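Subject: Structure handover

Hello,

Here is the structure for you to look through. My notes on it follow below.

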Amino acid sequence: LDGIVVQRGRLARLEIPAGNSRDFTLPLRRPNPSVGQECFITFRFQSIRATAFAPVGHEFAWEQLIWPVVVPKRQQVASALQSGYELVKDHASIHVESDHLSAVFDAKAGSLTSLDFGAGELLVAGPQLNLWRACLDNDGIKGRLNPPARGIVRWRDQQLNHLQVETDSINTRKHRTGLVTVTIRQHTRQHNIEHKQEYAFSATGSLDVSHRIRIPANLDDLPRIGMLLTLVPALEQLCWFGRGPHENYWDRKAGAAVGRYSSTVTDQYVPYIMPQEHGGKTDVRWVQLSGSDGTGLTVRSRNTPFQFGASHYTADDLFAARHTVELESHANVYLSLDLLHRGLGTASCGPDTTPEYRIRAGLHHFTYTLAPATR
């Protein structure tokens, strides 16, 4: 239930001849989910005797199904604020504060620069439009002559790794309820990508974020559409509810079960011979980064699951390096939140990513909530 195991059991011994089947009745109690929770049932099949190639208990197969339970409808959440938000503006910055939350925006750059839920600063830099990935071997091999159609050539020539963003407007609104909304409109100098951000400070002391991104037709087939947040070094502990525990991608996730997983940011690095994009997790409902004291940041999906990656390396670090030993990790945490992340394909030695796993031009909406970490 929401990634936590609440029931376990064993099937009877599977004495089933090849090509036949058998029905089982499972003595499971019907779960009682809370608002917004999901329930899965996972079957795992293991060897009961040792063989020349597998010990006893070796997992040969698994299958995961969504349990069709009736989930209560979302209800109106009572205000957790003792008072509304205070909104203070000047020519350089916008400050929004309550008894639960403090946030600062750079009025010129049109960016969220500070976020504190009462336990300390979380941001080095707030959400920034991110269309680039540290190219994979499947996108083209660094240091070699690649055909112009290869992603490594196209995306570099399109300057996706160095987007120049200009702010068109930044507006604030304080509602009669005491809540505050900050709306930022931007465009890129290259390709005139339109990006509208809306930060809605909620009654529960969290921050609902929405992005409206219009990609022009000449940028059809991008590596990703998402946001990059730079977090303070203390947020090393990682927990998520989505697919795992190993890296998985849009077209590489059938072998990763949905569950609740824990790790560290450092352990997300995958030492490929050629440094490149790594550690992605798909179908994520929420991801939490925290320090040793348990305080930190939670990012929750507001409609559809997203993909995330957490690293101590930037995409530029990875793209510039030819070997892992050339990399120098940063103390900061680089958190990628992706609405879409292009499939991997097999183009290092085979066909490119199939059309259904490519990102198309047009209008894209990405929404999530920033909230304090929960222990």
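Which residue forms a salt bridge with Asp221? Arg358 does, with the closest N and O atoms 3.8 Å apart. A salt bridge here is a side-chain nitrogen of Lys or Arg within 4 Å of a carboxyl oxygen of Asp or Glu.

First, the ground rules. This is a predicted model, in which local features need pLDDT of at least 70 and side-chain atom pairs count only at pLDDT 80 or more, while totals for chains, interfaces and linings use all residues. Residues are numbered from 1 along each chain as its sequence is written, and side-chain values use heavy atoms, with hydrogens and water left out.

Salt bridges

Back to that pair. Arg358 lies in the loop between strand E19 (333-341) and E20, and Asp221 in the loop between E11 and strand E12 (224-231), so the bridge ties together parts 137 residues apart in sequence. Strands (E, at least two residues) and helices (H or I, at least four) are DSSP runs, numbered from the N terminus. Asp221 is buried, at 6% relative accessible area. Arg358 is partly exposed, at 22%. Buried means under 20%, exposed over 50%, and partly exposed in between (1.4 Å probe, protein chains only).

The structure holds 18 salt bridges. One of them joins Arg285 and Glu38 at 2.7 Å, N to O. These two are 247 residues apart: Arg285 is in the loop between E15 and strand E16 (286-290), and Glu38 is in the segment before E1. Arg285 counts as buried at 17%, whereas Glu38 is partly exposed at 26%.

Aromatic pairs

There are 12 aromatic pairs in the structure. Rings of Phe, Tyr and Trp (its six-membered ring) pair if their centres lie within 6.5 Å; planes under 30 degrees apart count as stacked, over 60 as edge-to-face and the rest as tilted. Phe105 and Phe201 are edge-to-face, 6.3 Å centre to centre with 80° between the planes. Phe105 is in strand E5 (residues 102-106) and Phe201 in strand E10 (residues 194-201), so their pair connects parts 96 residues apart in sequence. Phe105 is buried at 0%, and Phe201 is buried at 1%. Together with Tyr85 and Tyr199 they form one aromatic cluster.

Strand E10 also holds His195. His195 is buried, at 5% relative accessibility. Its side chain makes a polar contact of 2.9 Å with that of His211. A polar contact is a pair of N or O atoms within 3.5 Å; within protein, one must be able to donate a hydrogen and the other to accept it, and residues adjacent in sequence count only if both atoms are side-chain atoms.

Backbone points to check

Most residues other than glycine have a negative phi, and most peptide bonds are trans. Gly244 and Pro245 are joined by a cis peptide bond, with omega about 0°. Pro245 lies in the loop between strand E13 (237-244) and strand E14 (257-264). Gln159, not a glycine, has a positive phi of about 60°. Asp283 also has a positive phi, about 50°, and lies in strand E15 (residues 281-284).

Best wishes
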